[in-house]
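I opened this entry to log what I looked up in one chain. The notes run from the overall picture to single residue pairs.

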Amino acid sequence: MDSHGDDASDGDDVYVAGWYNDGSCYWKNGVKINLTTNGDSQAFAVGLRTNGDVFVGGYYMNNHHYVIPCYWKNGNLNDLHDTHSFGDAYDIAFKGNDVYIAGEIDPQSTDNWNACYWRNGNKVSLPRSGYGATAFGIFLEGNDIYLGGYTTGSLFTYDIGCKWTNGNKKPFCIWC
């Protein structure tokens with residue numbers, strides 16, 4: 001069993017996103033709810049709206065080839081961008097009616113990842129250093145958008161933890 005993911009709670013209800021041998025799912029109070037029924041997808045994040053909507057972020061594979069970043073809203077699949085790109089959705093946040101999803105894309109399948117976030121499905125690219133970058137977390141406060149992740153040095157030699165505030169990248173280490 002591969003079971004990984006993110007969690008959220010709503011009152012007494014606990015939600016955990018993840019995947020199992022037979023596809024993406026989330027658990028509500030320990031009860032598994034399938035999003036897909038094949039092993040060609042994974043769910044990494046779960047977010048709950050105050051109106052009861054359940055959002056789950058992750059990816060699915062299109063024809064066992066393209067890894068498409070996506071989210072499921074109440075179990076319904078939604079792509080985050082065109083099907084000619086590779087990517088993942090790692091975290092979800094809400095502000096008013098807006099849905100923000102942190103992740104990464106690789107438009108040409110070159111292992112040259114670009115950190116990004118989507119606001120209501122529209123991608124916003126983030127600056128990086130070196131070979132690639134990924135945004136794993138997103139937090140909203142007032143008018144500010146905070147993301148956490150890393151950039152990669154030259155061709156997988158080292159990773160540098162970083163944060164983005166309103167699109168501006170700052171490394172976590174003082175020598176970077």
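My notes on confidence, fold, salt bridges and ring pairs follow.

**Ground rules.** I am working with a predicted model, where local features need pLDDT of at least 70 and side-chain atom pairs count only at pLDDT 80 or more, while totals for chains, interfaces and linings use all residues. I number residues from 1 along each chain as its sequence is written, and side-chain values use heavy atoms, with hydrogens and water left out.

**Confidence.** I checked pLDDT, the predictor's confidence in each residue, from 0 to 100. The chain mean is 84, and 84% of the residues reach 70 or more. Over residues 1–5 pLDDT stays under 50. I found 15 contacts beyond four places in sequence for that stretch; a contact means heavy atoms within 4.5 Å.

**Fold.** I counted 16 strands and 0 helices. Both are DSSP runs numbered from the N terminus: helices are H or I with at least four residues, strands E with at least two. The chain has 176 residues, and 44% of them count as buried. Buried means under 20% relative accessible area, exposed over 50%, partly exposed in between (1.4 Å probe, protein chains only). Of the contacts between residues at least 6 apart in sequence, 26% join residues at least 24 apart.

**Salt bridges.** How many salt bridges does a search of the whole structure find? It finds 2. My criterion is a side-chain nitrogen of Lys or Arg within 4 Å of a carboxyl oxygen of Asp or Glu.

One joins lysine 73 and aspartate 53, at 3.9 Å from N to O. Lysine 73 sits in strand β7 (residues 66–73) and aspartate 53 in the loop between β5 (41–48) and β6 (54–62), so the bridge ties together parts 20 residues apart in sequence. Lysine 73 is partly exposed at 34%. Aspartate 53 is buried at 16%.

Aspartate 98 and arginine 119 also form a salt bridge, at 2.7 Å from N to O. This pair links strand β10 (residues 98–106), which holds aspartate 98, to strand β11 (residues 114–119), which holds arginine 119; they are 21 residues apart. Is aspartate 98 buried or exposed? Aspartate 98 is buried, at 17%. Arginine 119 is partly exposed, at 39%.

**Ring pairs.** I logged 10 aromatic pairs. Rings of Phe, Tyr and Trp (its six-membered ring) pair if their centres lie within 6.5 Å; planes under 30 degrees apart are stacked, over 60 edge-to-face, the rest tilted.

Phenylalanine 55 and phenylalanine 94 are edge-to-face, with 5.2 Å between centres and 65 degrees between planes. The former lies in strand β6 and the latter in strand β9, so the pair ties together parts 39 residues apart in sequence. Phenylalanine 55 is buried at 4%, whereas phenylalanine 94 is partly exposed at 25%.

Tyrosine 90 and phenylalanine 136 are tilted, at 4.7 Å centre to centre and 50 degrees. Tyrosine 90 is in strand β9 and phenylalanine 136 in strand β13, so this pair ties together parts 46 residues apart in sequence. Tyrosine 90 is buried at 16%; phenylalanine 136 is partly exposed at 37%. Ring pairs link both into a cluster with Trp19, Phe44, Tyr59 and Tyr150.
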